[in-house]
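Here is a friendly walk through a protein complex. Take a moment to look it over before reading on.

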Amino acid sequence: MNTHPSPTPEVEPIVPAARLDLAEMYRESEIGPLLAELDRDLIGLKPVKNRIREIAAYLLVAKAREKLGLETSTPTLHMAFTGNPGTGKTTVALRMAGILHRLGYVRKGHLVSVTRDDLVGQYIGHTAPKTKEVLKRAMGGVLFIDEAYYLYRPENEKDYGQEAIEILLQVMENQRDDLVVILAGYADRMQTFFSANPGFRSRIAHHIDFPDYEDRELLEIAEVIAANEGYRFDEGAKAALADYVVARRTQPDFANARSIRNAFDRARLRQAIRLFEAGGEVDAEALSTITAAEIRASRVLGGTAP
Amino acid sequence: MRLTQGAFSFLPDLTDQQISAQVEHALGQGWAVSLEFTDDPHPRNTYWEMWGMPMFDLKDAAGVMAELREARKAHPECYIRVNAFDSTRGWETVRLSFIVHRPSVEPGFHLDRIEEKGRFQRYAVRRKSA
């Protein structure tokens, strides 16, 4: 009854001398503006941007090869993002979904971001439906697994993570057209994860390493974060922030841009309490300026505030 | 005898590509798609077995099609249908339902005439055994 084979998409006859204009394809895919936006919005991350440019070029060429009948299989697109916390892995994954969508490698271009808890169940028989549910939601888009190494717990052989890994691998292999999986995590732990799960390593085509931000880049990021929220740092605050970045880096749990965002959030609180306690009239200038005092009060710089 | 229930049932069976396009439409409307199967397609049997939970939050038909493949493998001799549920207030009902899989033999139904007191006649639809 349901024996109708799904009709194969019609293959256009290939003229041996057929020519394709790559520049034209590039314009049509509207990938240029997206890459430019990536360049503009993300500070630093030079090696990452270069890799993304390479991947985008490769995919465009693969599309051209496909049109000329040189290539028939979909290129493997699963990726691994490694890098320290706060280096922009999630943000780049979001952009990646957009790029793959523009190039026509994923149909919908949405990003489903999950961690171990979303994939692995609590009891026997819980994991498979849970993982499948997530995979189904991600189909047509990108599945982003943050801190992927938690899926594998070698110390507990009864851990259900292994089951999730097996289902993932199967879908990554068999439904390459339907979704792209991006695994993310800290470099050293991902290394251990991949050596324990060789199946993953062989199914992942692109490994992208996210470097730590330089001090200068973190300052720029701070200003962008503040500007997006309608705040600005005065000259004193900028100098204080430079000291803060240097001091914060030496402390434990330094999380690059995320630490900076948290520092900004706390400075914003201190600014609010300062204005509140000063009382009187305020203008827009006062409401949007963060001064050196707010940054210097941080415990990182020997201040008393948390 | 060919079972005609739900949408498209008087048309030739939909191909997987057509099913996928219908599901894509349903998802585009924001409806939650689910699969159900039964070996008892009696018109009064509205409660078919659920094949897993309704699939909420899907963006793409590929997830439904993967489940459909699984369901066909597990129940090749059952009827399988796709339901699309609209949760919008005021609707809160299945908006689209169609059969996507049929058993190899469709036995059809038998009409029983039941003679009552005073030559009064009642009817019952009974499933023919395959």
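## Before we start

Two strands are said to pair if DSSP finds at least two bridges between them. Helices (H or I, at least four residues) and strands (E, at least two) are themselves DSSP runs, numbered from the N terminus.

Residues are numbered from 1 along each chain as its sequence is written, and chains are lettered from A and ligands numbered from 1 in the order in which they are written. This is a predicted model: local features need pLDDT of at least 70, side-chain atom pairs count only at pLDDT 80 or more, and totals for chains, interfaces and linings use all residues. Here pLDDT is the predictor's confidence in each residue, from 0 to 100. For chain B the mean pLDDT is 93, with 99% of its residues at 70 or more. For the complex, the predictor gives an ipTM of 0.80 and a pTM of 0.81.

## The sheet of chain B

Let us begin with chain B, where four strands make an open sheet in the order E2-E1-E3-E4, with antiparallel pairing. Strand E2 (49–55) and strand E4 (93–101) of chain B are at the edges and have a single partner strand each, so one side of each is left without a neighbour in the sheet. On average, neighbouring strands of this sheet are turned by 20° against each other, direction ignored. (Axes are lines fitted to C-alpha atoms, for helices over the stretch in contact, and angles run from 0 to 180 degrees between N-to-C directions.)

Now zoom in on one pair. Strand E1 (residues 32–38) of chain B joins E2(B) in the antiparallel sense over four bridges. Which residue of E2(B) is the bridge partner of Leu35(B)? Trp51(B) is that partner.

## A hairpin in chain B

Further along, strand E5 (residues 109–115) of chain B pairs with E6(B) in the antiparallel sense over seven bridges. Within this pairing, Asp112(B) stands opposite Ala124(B) in E6(B). The hairpin has five residues between the strands, and Gly118(B) takes a positive phi near 70° there.

Is E6(B) largely in the open or hidden away? None of the seven residues of strand E6 (residues 121–127) of chain B is buried, so the strand lies largely in the open. A residue counts as buried if 20 or more other C-beta atoms lie within 10 Å of its own, exposed if 12 or fewer, and partly exposed in between, with C-beta atoms placed from the backbone.

## Chain A and its sheet

Chain A has 14 helices and seven strands. Its C-alpha atoms fill a box of roughly 80 × 55 × 35 Å along the principal axes, and 33% of its 306 residues are buried.

Five strands of chain A form an open sheet in the order E2-E3-E4-E1-E5, with parallel pairing. Its edge strands are strand E2 (111–114) and strand E5 (206–210) of chain A, each pairing on one side only. E2(A) pairs with strand E3 (residues 142–145) of chain A in the parallel sense over four bridges, and Leu111(A) stands opposite Val142(A) in E3(A). Helix H8 (residues 187–196) of chain A packs on the sheet, touching strand E1 (79–83), strand E4 (180–185) and E5 of chain A. The direction of H8(A) makes about 140° with that of E1(A).

The axes of helix H6 (residues 127–138) and helix H7 (residues 161–174) of chain A come within 9 Å and cross at roughly 35°.

In the loop between E3 and H7 of chain A sits Tyr149(A). Tyr149(A) is buried, with 22 other C-beta atoms within 10 Å. Leaving out residues up to four places away in sequence, Tyr149(A) touches Gly185(A), Arg189(A), Met190(A), Thr192(A) and Phe193(A). Contact means that the C-beta atoms of two residues, placed from the backbone, lie within 7 Å. Tyr149(A) and Phe194(A) are 45 residues apart in sequence and 8.3 Å apart in space, C-alpha to C-alpha.

## Where the chains meet

The contact takes 16 residues from chain B and 15 residues from chain A. On the side of chain B that touches chain A, helix H1 (16–28) and helix H2 (62–74) of chain B each supply at least two residues. H2(B) gives the largest share, four residues.
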